[in-house]
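Please look over the fold below, from its sheet to its helices and cores. A short report follows.

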Amino acid sequence: MYKKGDYVIKIPEDICEIEDVGCLDMSGVNKDKEYYALAPINQKGSKIYIPVDNVHGRIRNIISKEDAIAFIKSMPDIDEKDIQNEKMREQEYKAVILSGDNEKIASILKLIYSRKQERAEQGKKLSSTDERYFKLAEYMLFSELSFVLNVPREHIEQYIADMIEA
């Protein structure tokens with residue numbers, strides 16, 4: 001169970017702080033059911049309510065600083081996602097995003113990056129689906145690493161590159 005003040009990942013939206021745990025006083029809501037009141041850190045004034053008994057797959061703990069560093073160092077060893085069926089590409093991307101698993105997210109980033117390079121060599125642009133999921137995956141991964149490592153979001157990509165080269 002999470003507690004007030006914890007930071008979590010609300011999949012797939014954002015990093016959130018748990019502002020409160022308790023029953024909601026809203027019409028149409030079961031007054032006996034407990035909810036987490038989440039405040040996304042990048043959307044001031046927003047609130048997300050999730051039933052305490054229904055969090056599996058919807059929120060997860062944010063990684064530790066040590067785990068973030070170990071993850072970054074392991075990134076070169078992560079294989080790009082192998083998608084055999086082109087017609088299932090978007091569903092595969094979506095499943096990875098909804099998993100909230102950083103290693104899987106890095107694997108689709110590598111795949112889409114490779115596709116982008118291949119298409120550029122052919123004088124083509126990246127598909128809108130690839131572009132959309134690349135941005136979402138990058139946002140999810142880099143936001144968490146930026147937050148945990150206390151590195152400004154605009155510098156996290158260079159920070160990762162420097163750490164991998166070291």
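## The sheet

How many bridges join strand β3 to β4, and in which sense do they run? There are 4 bridges between β3 (residues 34-40) and β4, and the two strands run antiparallel. This comes from a predicted model. One of the pairs places Tyr36 of β3 with Ile50 as its bridge partner in β4. Tyr35, for its part, stands opposite Pro51 in β4.

β3 also pairs with β2, again antiparallel, over 7 bridges. There, Asp20 has Ala37 in β3 as its bridge partner. β3 is mostly covered, with 6 of its 7 residues buried.

## Order and edges

Strands of a sheet pair through backbone hydrogen bonds, either parallel or antiparallel. Here 5 strands form an open sheet. Their order is β4-β3-β2-β1-β5, and the pairing is antiparallel. β4 (48-51) and β5 (59-61) are the edge strands. Each has a single partner strand, so one side of each lacks a neighbour in the sheet. From one strand to the next, the twist averages 45°.

Helix α4 (residues 128-149) packs on this sheet. The strands that α4 touches are β1 (7-10), β2 (14-23) and β5. The direction of α4 makes about 75° with that of β2.

## Nonpolar cores

The largest nonpolar core holds 34 residues. Leu141 and Leu145 have the most contacts inside this core. Five helices each supply at least two of its residues: α1 (65-74), α2 (89-99), α3 (102-121), α4 and α5 (156-165). The most comes from α4, which gives 9 residues.

What does Leu145 touch beyond residues up to four places away in sequence? Its contacts are Ile63, Ala68, Phe71, Ile72, Asn150, Ile156 and Ile160.

## Helix packing around α4

How do α2 and α4 lie relative to each other, roughly parallel or roughly perpendicular? Their axes come within 11 Å and cross at roughly 10°. An angle under 35 degrees counts as roughly parallel, and α2 and α4 are therefore roughly parallel to each other. On the α2 side, the residues that meet α4 are Arg89, Glu90, Tyr93, Lys94 and Ile97. On the α4 side they are Thr129, Asp130, Arg132, Tyr133, Leu136, Ala137 and Met140.

The axes of α4 and α5 come within 10 Å and cross at roughly 75°. That makes the two helices roughly perpendicular. From α4, Glu138, Phe142, Leu145, Ser146 and Leu149 make the contact. From α5, the residues are Ile156, Glu157, Tyr159 and Ile160.

## A serine in α3

Ser107 is found in helix α3. Is Ser107 buried or exposed? Its relative accessible area is 7%, so Ser107 is buried, the cut-off being under 20%. A polar atom of the Ser107 side chain lies 2.6 Å from the backbone oxygen of Lys104. Leaving aside neighbours within four places in sequence, Ser107 is in contact with Ile78, Asp79, Glu80 and Lys81.

Terms used. Residues numbered from 1 in each chain as written. Predicted model: local features only at pLDDT ≥ 70, side-chain atom pairs only at ≥ 80, totals over all residues. Heavy atoms only, no water. Pairing = 2+ DSSP bridges. Axes fitted to C-alpha atoms, helices over the stretch in contact; angles between N-to-C directions. Contact = heavy atoms within 4.5 Å. Core = buried A, V, L, I, M, F, W, Y, C linked by side-chain atoms within 4.5 Å. Buried < 20%, exposed > 50% of the residue type's maximum accessible area, 1.4 Å probe, protein only. Polar contact = N/O pair within 3.5 Å; in protein donor to acceptor, adjacent residues only side chain to side chain. Parallel < 35°, antiparallel > 145°, perpendicular 65-115°, else oblique.
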